[in-house]
Amino acid sequence: MLLVLLLAAVAGWYIWERRQRRTGQVPPGCQQHINLPHEQEWELYHNDFSLCSKKTRVCLAELGITYKSHHIDLIETGSYENISRCFLRVNPAATVPVLVHNGHPVYESHEQIVYAAEQVAAQPGVNLDAALTPADPEKKQLMDYWVHKGSLVGDNPVAAMHETAGNTVPGLTLPIFAAMIAHIPGYRILEGLLFHRIKQRALFFLMLKLQGINKLPNRAPLRKGISRSRAALHQHLDELEAVLAAADGPWIVGQQFTLADVSMMVIFSRLDEGDWVEEFLTAERPAVTAYWRALRERPSYTRAILEHSHPLVARARETIVQLKRTSPQFREALLG
Ligand SMILES: N[C@@H](CCC(=O)N[C@@H](CS)C(=O)NCC(=O)O)C(=O)O
């Protein structure tokens, strides 16, 4: 009897709590009809490690937009703050970043950077250079193409990794995820199993936690995921090499730094975090290699990426470098 009462209480709590944490997909772009509490014109809900958050931070730094920062933990950086009641009111899709302008949320990082640049361009007396957007329509088209190429799109990006370079990133981040999750208590992942909109994501982290990074080479689906992501990114970077070699300047459209470069900077930053640079920035890609050097010299790289380094990411990188050195199977799983 006591057990029945206990089970009924737990079930009641779960149903009630789920009602408080309503999740669902959100449309991309600025949601003028939603008004969130805010203190500043611009506010950003973001995570230090998240690829898409980096993109929006870099963009805001380049545009000179100051904002109130709300750091939201993801499971890999410590806890499922992105499925807390509070954050789900900001974004029922439970993802970061969310850019908030005058209380209106803008969803999807590739939409956020375009939106912020348009707001800057709309100010009187601002030239399009400052808005990171070329005036020339052909160059603008090229920029849009690479903004899309840099995007992480859909609930299952891995399924569309040949479409965008951004979609190859989760596969290449797998070793970092595995190394980071080793430091997170398992019970925190259970919260994701109960309340995350996309249960596979929580299951994936639980599986990484249970098996540990050392076992990664034994898991054929993980090895395959990494290998397919690697092959797809090689193709995207070959395309980028050709574009940069033909451009008349250090950036994708030439002399002007644009939203396309913002989008690619964060992908290279992730390759650096995962110790992938040697694999992708080879002598066969001199233009891409010089491009990554130039990107790192932007003050926005320091302000929006380096100054947001997460200690668990540095530890994860060390683990990966070490394992690649000491375990031929691990090296093979990543690079074979
Ligand atoms: N397409 C979205 C992707 C957002 C996204 O998936 N963000 C990741 C971090 S890069 C996230 O919030 N993951 C947390 C989770 O799924 O639990 C964008 O560009 O903003």
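A polar contact is a pair of N or O atoms within 3.5 Å; within protein, one of the two must be able to donate a hydrogen and the other to accept it. The structure discussed here is a predicted model.

**A buried threonine in a loop**

T133 belongs to the loop that connects α4 with α5 (137–149). A polar atom of the T133 side chain lies 2.7 Å from the backbone oxygen of A131. Buried means under 20% relative accessible area. T133 has a relative accessibility of 13% and therefore counts as buried. When neighbours within four places in sequence are set aside, T133 is in contact with A117, L128, K140, M143, Q256 and L259.

**The sheet**

The model contains an open sheet of five strands, arranged in the order β1-β5-β4-β2-β3, with mixed pairing. Strands β1 (29–30) and β3 (68–71) stand at the edges; each has a single partner strand, so one side of each is left without a neighbour in the sheet. In general, strands of a sheet pair through backbone hydrogen bonds, in either a parallel or an antiparallel sense.

Strand β2 illustrates both senses of pairing. With β4 (residues 98–101), strand β2 (residues 42–46) pairs in the antiparallel sense over four bridges. With β3, strand β2 runs parallel, and four bridges join the two. Individual residue pairs can be assigned as well: Y45 stands opposite V98 in β4, L44 has L99 as its bridge partner in β4, and H46 has H71 as its bridge partner in β3.

How many of the residues of β2 are buried? Five of its five residues are buried, and the strand is mostly covered. The side chains divide between two directions: W42, L44 and H46 point one way from β2, whereas E43 and Y45 point the other way, and all are buried.

**Helices**

Helix α4 (residues 109–121) lies across β1, β2, β4 and β5 (104–107), and runs at about 125° to β5. Elsewhere in the model, helix α9 (residues 220–246) includes A242. With a relative accessibility of 48%, A242 counts as partly exposed. A242 and I176 are separated by 66 residues in sequence and by 30 Å in space, C-alpha to C-alpha.

**The ligand site**

The ligand is surrounded by 14 residues, of which the closest are E108, S109, L152, H196 and R201.

| Residue | Ligand atom | Distance |
|---|---|---|
| N82 | oxygen | 2.9 Å |
| E108 | nitrogen | 2.5 Å |
| R201 | oxygen | 2.5 Å |

Taken alone, the ligand exposes 510 Å², and the protein buries 88% of that area.

Terms used:
Residues are numbered from 1 along each chain as its sequence is written. This is a predicted model: local features need pLDDT of at least 70, side-chain atom pairs count only at pLDDT 80 or more; totals for chains, interfaces and linings use all residues. Side-chain values use heavy atoms; hydrogens and water are left out. Two strands pair if DSSP finds at least two bridges between them. Contact means heavy atoms within 4.5 Å. Axes are lines fitted to C-alpha atoms, for helices over the stretch in contact, and angles run from 0 to 180 degrees between N-to-C directions. A residue is near a molecule or strand if one of its heavy atoms lies within 4 Å of it. Accessible areas come from the Shrake-Rupley method with a 1.4 Å probe; for residues, only the protein chains shown count as cover. Buried means under 20% relative accessible area, exposed over 50%, partly exposed in between (1.4 Å probe, protein chains only).
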